[in-house]
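My plan is to look things up one at a time and to write down what I find.

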Amino acid sequence: MASRERAENVPKHYSVNFLDQCLAPNIKIMEDTASHSSQRSVDEEELDHENTMSILVATDNHIGYMEKDPERASDSLVTFEEILQIAEEKKVDFILLGGDLFHENKPSRKIVHKTMEIIRKYCMGDRPCYLEFLSDQSINFAANRYLYQL
């Protein structure tokens with residue numbers, strides 16, 4: 001408890017982690033001490049948009065689930081499109097798709113084509129990408145015995 005400091009503007013049942021405030025002063029982390037859940041909120045006025053990257057994380061999409069069912073065949077595709085619509089509305093810089101994108105390890109040609117169509121619709125545009133990886137793979141993957149020579 002020594003690392004926690006009570007915030008003045010936060011209700012008594014919330015506490016703010018002092019270390020998190022030092023590391024990320026623009027992000028307020030409130031922890032509900034009764035249920036041990038965390039909630040993050042960002043103050044838009046304090047946010048440095050030029051030096052901030054926004055990431056939308058979606059996991060286990062399972063596109064193609066129940067594709068042979070006449071009523072639910074398009075559910076997973078509709079959901080995937082909704083995810084990309086939200087990303088477009090929020091103007092995120094990066095979409096991280098974790099877990100299983102497809103339900104089957106060999107999805108049908110129809111599902112692959114529909115997925116590619118949705119990705120092209122929402123991800124292929126004229127918006128510039130300022131992300132640049134500057135690391136040296138020969139250093140990062142030096143322990144990998146299968147590293148190919150560039």
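How exposed is Asp93, given as relative accessibility? I find that Asp93 counts as partly exposed at 41% relative accessibility, where buried means under 20% relative accessible area, exposed over 50%, and partly exposed in between (1.4 Å probe, protein chains only).

I note that this is a predicted model, in which local features need pLDDT of at least 70, side-chain atom pairs count only at pLDDT 80 or more, and totals for chains, interfaces and linings use all residues. Residues are numbered from 1 along each chain as its sequence is written, and side-chain values use heavy atoms, with hydrogens and water left out.

Next I looked up salt bridges (a side-chain nitrogen of Lys or Arg within 4 Å of a carboxyl oxygen of Asp or Glu), and a search of the whole structure gave three. In one of them, Asp93 meets Arg127 at 3.2 Å, N to O. Arg127 is itself partly exposed, with a relative accessible area of 48%.

In another, the side chains of Glu81 and Lys121 meet at 3.1 Å, N to O; Glu81 belongs to helix H2 and Lys121 to helix H3, 40 residues apart. For helices I used DSSP runs (H or I, at least four residues), and for strands likewise (E, at least two), numbered from the N terminus. Lys121 counts as exposed, at 54% relative accessibility.
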